[in-house]
Amino acid sequence: MVHTDRPTRTRRPLPWVLLGVALALLIAGITAPHALLVAAGLMLAGLIGLGQKP
């Protein structure tokens, strides 16, 4: 087994929580036809996607 000195990367749970909130806003906006909720869900999901590193 090879030991490396680099620390292992851990994923932060915050983006997944925010994606869940964005999905909830999107679903709420679709079920109760409200364009502001749909727009907020799409914008939040897009901002989270921009913040992710490849």
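Helices (H or I, at least four residues) and strands (E, at least two) are DSSP runs, numbered from the N terminus. I'm working on a predicted model, where local features need pLDDT of at least 70 and side-chain atom pairs count only at pLDDT 80 or more, while totals for chains, interfaces and linings use all residues. Residues are numbered from 1 along each chain as its sequence is written, and side-chain values use heavy atoms, with hydrogens and water left out.

**Whole chain.** I looked up the secondary structure and got two helices and zero strands. Of the 54 residues, 7% count as buried (under 20% relative accessible area; exposed is over 50%, partly exposed in between, with a 1.4 Å probe and protein chains only). I noted an accessible surface of about 5,100 Å², with 71% of that belonging to carbon and sulfur atoms (Shrake-Rupley method, 1.4 Å probe).

**H1.** I found Leu18 in helix H1, which covers residues 14-31. Leu18 is partly exposed, at 31% relative accessibility.

**H2.** Leu42 is exposed at 52% relative accessible area, whereas Val38 is partly exposed at 22%.

**H1 against H2.** How do the axes of H1 and H2 cross? I got roughly 155 degrees, with the axes coming within 7 Å (lines fitted to C-alpha atoms over the stretch in contact, angles from 0 to 180 degrees between N-to-C directions). So H1 is roughly antiparallel to H2 (over 145 degrees). The crossing is left-handed (near helix turned anticlockwise from the far one by less than a right angle).

I also checked two C-alpha pairs. Leu42 and Leu26 are 16 residues apart along the chain, with 6.8 Å between their C-alpha atoms. For Val38 and Ile27, eleven residues apart, the C-alpha separation is 7.6 Å.

How values were computed: Parallel < 35°, antiparallel > 145°, perpendicular 65-115°, else oblique.
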